[in-house]
Structure formats: C-alpha cells, structure tokens
Amino acid sequence: SLWNELIERYHYLKYQPLPGAQMRYLLFHGSDLLAALGFSAAAWKVAPRDRFIGWDDGQRRRNLHRIANNSRFLILPWVKVRNLASCILAAAAKRLGNDWTQRYGYEPVLLETFVERSRFRGTCYRAANWIHVGDTQGRGKLDRRHRGLSTVKHIYLYSLHKRFRQKL
C-alpha cells in the first residue's frame, strides 16, 4: 500500500494496477525511503522491440512472458543524489531475475521501458546501459483505430542474459 500511495502522490502517471506478473520495490538507505520501482508484464506488440529481438508473431506469443516492463520508476522529489537513478536501475537489473524466478518460476531475460520523450531524455537508462531501440507511434495500448491518442515514447531495452535472443 505504501508503494501504491507513493506512486499515486508523486509519479506523473499516478497509480494504476500493474498488468500481469509484477514486482514492486521500495528502495531505502538506512531508514530513509529514496525510491519506488515497479516491473510488470511486457507490452503486447512493440514493433521496434520485436525487430530488435528478431522474432515472429508465434515466437512473441510463446515468449513474451520472458520480458519484464519497468512500468514505474520514482525517485522521491526531495531526494537529490547524483547518479542515483542509474545506480538504482543497475541494482534492480541484478536483483530482478532471482526475485522474478522465485515468485513466478521462470527467469526474465530482457527488460523494457517506455520513456515519454516530451518529458524526459532517458539519460539514466542510457547511463545504466539500456539500449534505445526506437520510439512508439504514440498510439497507446488501447488505440485500435490508429488515432494517436497517446504521447510518443522512447523504447529502451536491457538484456539480463547474454543469449537473450536465443532464449526468446
């Protein structure tokens, strides 16, 4: 409930239930709460991601669960620590695989995230070695009529396994 409250109060997207499999983290330094981070099920179809992986529709359907989406990342507004964001992302990438495997019984091999390009530059993701693979079309997950109702976002990926393409 604390994670939900922090996201609702301080994250620009506010709280919404995360889709599918998920992990939520609160990051402390001693007794000081610094950040909240959430991972959830991957987006269904993302053309730049799917091209980067090199899979077809059947492979995507069978293996999409092996991708986790960094759906929320919040450093609390009063926390001012240089390079903290990229350090958090690196630490989360190291920990997530084991935590996810313990909870769900399978290991994710790739992380994805979407960074609203009109709001952020994705600097912390690039500093943590995430790869920019393209941009969304600005349609959003519920746009079935191609009206472009959402904002364009940068797509970043992070490999949790050297041979992620073969595993996917």
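1. A definition to start with: helices (H or I, at least four residues) and strands (E, at least two) are DSSP runs, numbered from the N terminus. With that in hand, Leu-2 is found in helix 1, which covers residues 2-10.

2. A word on what you are looking at. This is a predicted model, in which local features need pLDDT of at least 70 and side-chain atom pairs count only at pLDDT 80 or more, while totals for chains, interfaces and linings use all residues. Residues are numbered from 1 along each chain as its sequence is written, and side-chain values use heavy atoms, with hydrogens and water left out.

3. Now the overall fold. The protein chain has six helices and six strands, and their order from the N terminus is α-β-β-α-α-β-α-β-α-β-β-α. The radius of gyration is 16 Å, close to the 15 Å that the globule rule gives for 168 residues, so the protein chain is as compact as a globular protein of that length. (That radius is taken over C-alpha atoms, and the rule is 2.2 Å times the number of residues to the power 0.38.) Along its principal axes, the C-alpha trace spans about 45 × 35 × 30 Å.

4. Of the 168 residues in the protein chain, 43% are buried; buried means under 20% relative accessible area, exposed over 50%, and partly exposed in between (1.4 Å probe, protein chains only). The protein chain exposes about 10,000 Å², with carbon and sulfur atoms supplying 49% of it. These areas come from the Shrake-Rupley method with a 1.4 Å probe, and for residues only the protein chains shown count as cover.

5. Contacts are worth a look too. A contact means heavy atoms within 4.5 Å. Among contacts in the protein chain with a separation of 6 or more, 64% are between residues 24 or more positions apart. The C-alpha atoms of Leu-2 and Leu-26 are separated by 8.7 Å, although the two are 24 residues apart along the chain. Leu-2 itself is partly exposed, at a relative accessible area of 37%.

6. On to charge. The protein chain carries 30 positive and 12 negative side chains, and the centres of the two sets lie 3 Å apart. Lys and Arg count as positive and Asp and Glu as negative, without His or the chain ends; each charge is placed at NZ of Lys, CZ of Arg, CG of Asp or CD of Glu.

7. How many salt bridges does the count come to? There are eight, where a salt bridge is a side-chain nitrogen of Lys or Arg within 4 Å of a carboxyl oxygen of Asp or Glu. One of them joins Glu-5 and Arg-9 at 3.1 Å, N to O; both lie in helix 1, four residues apart, about one turn of the helix. Another joins Arg-119 and Glu-116 at 3.3 Å, N to O. Here Arg-119 is partly exposed at 48% relative accessibility, whereas Glu-116 is buried at 10%.

8. Finally, please visit Arg-60, in helix 3 (residues 57-63). At 1% relative accessibility, Arg-60 is buried. Asp-50 forms a salt bridge with Arg-60, with the closest N and O atoms 3.8 Å apart. This pair links distant parts of the chain, Asp-50 in helix 2 (residues 47-53) and Arg-60 in helix 3, 10 residues apart. Arg-49, Asp-50, Asp-57, Arg-60 and Glu-112 are linked in a network of salt bridges.
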